[in-house]
Amino acid sequence: MAAIFIDRGAAQDRIYLLEIFFVYALLMSTGAFDYQLTGIDPDMVKPLEPLSTMGRLSSVFVYATTLIIYIGYRRKVHSIIRSSCLLYVFPLLALLSCFWAPDLGTTLRRVIALSFNFLTVAVMVAALPPIRIVRVSVLALGSGILLSVLWVVMLPRYGIHQATDWLEPKHAGLWRGIYTHKNSLGAIAPLALVLMIFFGRITIKSVLFRALVIISATACLAGASSGTGTILTFVMAIVIFLVRSLMRMEISTRAFFGGVILLGIVSVLVAAVPLTYLILQILGKSTDFTGRVPMWVSLIAWGEERALLGFGYSTGFELVMSPRILDLMGLNIGSAHNGYLETFISFGYVGVVLLCIVNISFLMKLLAGLMLTKKDGSITLPFIAGLFFVALFGNITESQFLTQNSYSNMSWALAYVMISVWVKSSPIAQSMTADPRLRSPYGVGPA
């Protein structure tokens, strides 16, 4: 691992230890090694709440270490949470939903997991400068992709869908790598590919590591046959390229072009479903989003039964909606496969309005961030924007905004927290600049 990093020095040891921990935390948040940690055979039905000593020890380790780091950076963390307070209303809303959720105990456990997701994000931003957060993300996703290819080659029973799988044997022959489903690999591969292409050279010393990740991520996209992943690859690459181009312009011209570009991206997002439909036709994929559209129509109608506050975080869908879908369509699913719709089912119109406010707030902060002249803006802002817009588009076909113990949830939250700190120039940013131990080894100071 040490050979991957640049300019290792004694003064940086504490930061490198933090980086290693956050690489592990992010990698595990992607759902890596779920079969191995839970001791589940792919041929056997997976329980909804698998009791696994290894899995729970891994989660406890991440939670406990996050708390220890939080204690050392608590003032900075509190400042960060204040600067991005809208986002942190979601864990509170999830906690309140325990009062009307169908399963109090399970809902509460998942609320705790979601809260630690958000706390880990705040702690990461407090402990590491932006450039190092980019590096941690590149390393975590890149490692997941390389391990996935290794699993496909060395452990195909786990790395490749089999006809004997209890879950969707129709995917037999498709890659899932270190994950339990091809969709998970298809969601991680585009992030790893695009981040490595745009930020790998700045953050990773090893040319071999960078090349292997790019080749492996491309192979994983093809092996997982992920139509959504292919679309997200282009979305993320275009967003990062556009924001990077804006940061190279004079400030006087950024506002105009930035506004035009954001308006264009939002317009594409509004038209995303019909555009995705057209692209799926071109790719020869199912144009009803693999059965999602009929399911969504039913879920919207059922969601109106508790339109104001929803059915409760997470378990509202699992224990109320999922049995109905099984009876109606014969599908045994654990999510709505649409983050916007799942937010409505969990929290009703209150949650949907809050989600809209958070996302609109991000766009406004991104425009404000384009007007700042901070040194590493050409690195940090494209990274932030790329993560966020992948979340906006990715949640059209997957439930990712508020999924506990999920990298998709953490990356969306990370983008919002980083842009909030960036724009507000909170004490955390000032203290980072003042502490030479936290400076980037690339000659680029933190925000």
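Predicted model: local features only at pLDDT ≥ 70, side-chain atom pairs only at ≥ 80, totals over all residues.

Biologist: OK. How many helices and strands are in the protein chain?

Modeller: There are 19 helices and zero strands. Those are DSSP runs numbered from the N terminus: H or I with at least four residues for helices, E with at least two for strands.

Biologist: And what share of the residues is buried?

Modeller: Buried residues are 56% of the 447 in the protein chain. As for contacts (heavy atoms within 4.5 Å), take those between residues at least 6 apart in sequence: 76% of them join residues at least 24 apart.

Biologist: Now the charges. How many salt bridges does the structure hold?

Modeller: Four, counting a side-chain nitrogen of Lys or Arg within 4 Å of a carboxyl oxygen of Asp or Glu. One of them pairs arginine 132 with glutamate 19 at 3.2 Å, N to O. Arginine 132 is in helix 7 and glutamate 19 in helix 1 (residues 13–29), so this pair ties together parts 113 residues apart in sequence.

Biologist: Which other residue meets glutamate 19 in a salt bridge?

Modeller: Arginine 135, at 2.9 Å, N to O. That pair also runs from helix 1 to helix 7, so it ties together parts 116 residues apart in sequence. Glu19, Arg132 and Arg135 are therefore described as linked in a network of salt bridges.

Biologist: Are those side chains buried or exposed?

Modeller: Glutamate 19 and arginine 135 are both buried. Arginine 132 counts as buried too, at 0% relative accessibility, and the value for glutamate 19 is 1%.

Biologist: What about arginine 324, what does its side chain meet?

Modeller: Glutamate 305, in a salt bridge of 2.9 Å, N to O. Arginine 324 is in helix 15 (residues 315–329), and glutamate 305 is in the loop between helix 14 (292–303) and helix 15, 19 residues apart. Both are partly exposed: arginine 324 has a relative accessible area of 27%, glutamate 305 one of 47%.

Biologist: Switching to the surface, which residues form the nonpolar patch?

Modeller: Leu95, Leu104, Leu108 and Ile112, with about 330 Å² of accessible area together. Helix 6 (residues 104–127) gives the largest share, three residues. Leucine 95 lies in helix 5 (residues 89–96) and is partly exposed at 40% relative accessibility.

Biologist: How do you define a patch?

Modeller: Residues with over 30% relative accessible area and no salt bridge, joined within 9 Å for like charges or within 5 Å for nonpolar side chains (Val, Leu, Ile, Met, Phe, Trp, Tyr). Areas are Shrake-Rupley with a 1.4 Å probe, and for residues only the protein chains shown count as cover.

Biologist: Last one: how many disulfides are there?

Modeller: Zero in the whole structure, where a disulfide is a pair of cysteine sulfur atoms within 2.5 Å. Cysteine 85 is partly exposed at 44%, whereas cysteine 98 is buried at 8%.

Terms used. Residues numbered from 1 in each chain as written. Heavy atoms only, no water. Buried < 20%, exposed > 50% of the residue type's maximum accessible area, 1.4 Å probe, protein only.
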